[in-house]
Amino acid sequence: MDKVCASAAEAVADIPDGASLAVGGFGLSGIPDTLIHALHEQGATALHVVSNNCGVDGQGLGVLLAAGRIARVTGSYVGENKEFARQYLSGELEVELVPQGTLAERLRAGGAGIPAFYTSAGVGTQVANGGLPWRYEADGSIAVASPAKEIRTFAGRRHVLEHGITTDFALVRAWRGDRHGNLVFRKAAANFNPLAAMAGRITIAEVEELVEPGELKPDAVHLPGIYVQQVVQLTPTQAADKQIEKRTVSL
C-alpha cells in the first residue's frame, strides 16, 4: 500500500517512447513541474500528451516541447507558447483541439469507465462536422484533418458524440497526499489534476506535503488513492517553486 517513490526520476523511469500522458495544470497553475523535468532528463520521446495547454515557452510542458519530445497534443488552448505554434504550423506537431469543458469531461469519463457521451458543445462547428487541421504539411496545406462525429438529437436539441480519454500514464500535482495515494488539491491547482489522474492507467502524483495514512479526513480527500499508483514527495524548495505566467502589479 505504500506508494511513495524515492525520487521523481525513479517514478518516471518506466515511461517509454510513444507513451500517452494526461498532465494536470491550467497554464502554469498546478503543473507537475518536478515530474516534467524528471521526464525531460529521462529522455522519453514521441509522447502523446493530453493537457489543457502545453505550458509556455521554457516552462511546464514547454520544456518537453522545445526538446522535440512531444509528437501529439490533445488540448483546448494553444496560446502563450510560440514554439507550440511554430511546431504546429510547420507540420512538426499533431494537435487535436477540444472545447475545454469537453476535454475535462472526456478525461473524467475515461477515468470512470464511460466510453463515450453526448454533448451540445461544438455542434454546428468543425468540432462536430470535421475538418479541423490536426497536422499541417510543411507547405501549409492540411495533412490530417479531424473526422466528422456522430450527431444525435435529444429533446429537440442536437448533440455530438465524444469519446472518453484514457492514457498510459498521468502526471499530476497535489497539495497534500498520503502514502496510500489519497490526494487533496488546493485552490486553482484543483483544475485538470483530478481529471488527469483519473484518466491515467498509471498515475504519478507529486505532493507538496506527504502525510501518514489516516491523517487526511475522508471528507477532505478530493481523489482516492485507487487512482494513484506512485507518490513523489517534493522538497520544500520544489513545493515553493510555483511559476506565474503574467504578473500584474499596480502602483
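Tutor: First, the burial terms: buried means under 20% relative accessible area, exposed over 50%, and partly exposed in between (1.4 Å probe, protein chains only). This is a predicted model: local features need pLDDT of at least 70, side-chain atom pairs count only at pLDDT 80 or more, and totals for chains, interfaces and linings use all residues. Residues are numbered from 1 along each chain as its sequence is written, and side-chain values use heavy atoms, with hydrogens and water left out.

Student: OK. Where does Ala46 lie?

Tutor: Ala46 is in the loop between helix H2 (33-42) and strand E3 (47-50). Helices (H or I, at least four residues) and strands (E, at least two) are DSSP runs, numbered from the N terminus.

Student: What's phi of Ala46?

Tutor: Near 55 degrees, positive although Ala46 is not glycine.

Student: And why does Ala46 count as partly exposed?

Tutor: Because its relative accessibility is 34%.

Student: Switch to Lys187. Buried or exposed?

Tutor: Lys187 is exposed, because its relative accessible area is 67%. Its phi is near 50 degrees, again a positive value in a non-glycine residue. Lys187 sits in the loop between strand E12 (183-184) and helix H7 (193-199).

Student: New topic. Which strand is Thr119 in?

Tutor: Strand E6, residues 116-119. Thr119 counts as buried, because its relative accessibility is 17%.

Student: What does Thr119 touch?

Tutor: Leaving out residues up to four places away in sequence, Thr119 touches Thr102, His159, Val160 and Glu162. Contact here means heavy atoms within 4.5 Å.

Student: What does the Thr119 side chain reach at 3.2 Å?

Tutor: The backbone nitrogen of Ala121.

Definitions and conventions. Polar contact = N/O pair within 3.5 Å; in protein donor to acceptor, adjacent residues only side chain to side chain.
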